[in-house]
Amino acid sequence: MTASAMPAFAPLFVPGVETVSVRWISVVYRTSAAVVDAVLPRPLVAGAAPEVIIWIAEFRGARFTGAGGAVECRPDYMQGGINLRCRRGVVEGAYAVETFVEGINHGILGREMFGLPKKQVRSVTLVDTPTGAEFAFVDAHGQQLLRGSASAGRTGADRIVPAWFDTQYTAKLIPSAEGPHYDISRLVQIPFRLEAAGPLRTGDATVEWLESSSDPLYLLTQCAAPIAVWGVAQLDIDYGTYVAELAPSDIPVMGSPRW
């Protein structure tokens with residue numbers, strides 16, 4: 001067989017397209033244009049509105065199908081992320097700022113293949129309540145990064161994510177073995193497809209970012225009240241496409257590693 005991932009002798013995973021059922025919540029709010037401009041790597045620019053999406057999901061029965069037909073299945077796990085609405089040319093999308101994964105190795109594949117900015121954390125939680133939902137991120141050191149809740153009460157949600165979330169952008173950065181440079185530093189465009197698999201609930205949400213020097217997501221300030229949509233959906237992720245080279249000066253860096 002040919003090596004499809006590291007280690008070459010015994011690959012950790014099979015690269016392939018992903019199909020998975022998810023229990024999912026999206027929380028969208030407006031931020032300031034200055035925040036979006038400060039965080040987006042060039043050549044991405046702000047989308048039609050300066051918006052943040054927080055998403056939290058339980059991934060159930062994830063299946064990865066490789067080009068040769070090999071199928072890899074993963075146990076259920078929790079994952080969440082933060083994206084900024086953005087645009088490249090005329091195409092709007094969602095730039096992945098950070099992605100949090102609960103559990104060992106569940107997040108390796110996306111980081112290795114696409115450069116999705118995955119960090120392993122102590123917990124990602126999404127709890128259904130009689131009136132809505134509660135959610136939180138706790139980092140690997142036990143520090144809470146986010147807590148929030150949503151209350152059902154609105155009507156009319158026909159999508160579990162905004163249309164611009166269907167096109168994902170991420171910076172794939174592979175460090176060089178020779179020093180503080182990159183072997184690969186490219187902007188990747190990845191097609192996501194999320195289709196509701198049942199009735200959706202929607203309502204107002206509250207979000208509180210807690211200050212962290214390693215994950216300074218509290219800088220993504222809220223300029224309007226968040227709106228949440230949640231339910232069960234089917235997620236399909238196809239192979240990505242390299243769309244631009246990134247120079248170090250193109251890539252904003254905020255926060256410092258914490259040991």
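Predicted model: local features only at pLDDT ≥ 70, side-chain atom pairs only at ≥ 80, totals over all residues.
Biologist: Which residues lie nearest the centre of the largest cavity?

Modeller: Look for Glu-18, Leu-116, Lys-118, Phe-192 and Ile-237. They belong to a lining of 24 residues. By type, that lining holds 13 nonpolar, 7 polar and 4 charged residues.

Biologist: Which elements supply at least two residues each to that lining?

Modeller: Strand 1 (17–30), strand 3 (51–65), strand 5 (77–88) and strand 6 (91–102) do. So do helix 2 (108–114) and strand 14 (227–237).

Biologist: Now the largest pocket. How much space lies in it?

Modeller: About 1,400 Å³. Its lining has 43 residues, and Val-97, Glu-98, Pro-117, Lys-119 and Leu-173 lie nearest the centre. The lining divides into 28 nonpolar, 7 polar and 8 charged residues.

Biologist: Which elements each give at least two residues to the pocket lining?

Modeller: Helix 1 (33–39), strand 6, helix 2, strand 7 (118–121) and strand 11 (167–175). Strand 6 and helix 2 also supply the lining of the largest cavity.

Biologist: Next, the backbone. Which residues does a cis peptide bond join?

Modeller: Start with the general idea. Most peptide bonds are trans. Here, a cis bond joins Arg-42 and Pro-43, with omega about 20°. Find Pro-43 in the loop between helix 1 and strand 2 (45–46).

Biologist: In what sense do strand 1 and strand 14 pair, and over how many bridges?

Modeller: They pair in the antiparallel sense, over 11 bridges. To trace the pairing, take Arg-23: its bridge partner in strand 14 is Val-232.

Biologist: What about strand 12 and strand 14?

Modeller: Strand 12 (residues 182–196) is antiparallel to strand 14, with 5 bridges. Find Arg-193, which stands opposite Asp-236 in strand 14.

Biologist: And strand 13 with strand 14: over how many bridges do they pair?

Modeller: Over 4, again in the antiparallel sense; strand 13 covers residues 201–209. Here Arg-201 stands opposite Trp-230 of strand 14.

Notes
Residues numbered from 1 in each chain as written. Heavy atoms only, no water. 1 Å grid on protein atoms, 1.4 Å probe; cavity = no way out; pocket = protein on both sides within 12 Å on 5 of 7 lines; lining within 4 Å. Nonpolar A, V, L, I, M, F, W, Y, C, P; charged D, E, K, R; others polar. Points joined across faces, edges and corners; volume = space filled by probe spheres on them. Pairing = 2+ DSSP bridges.
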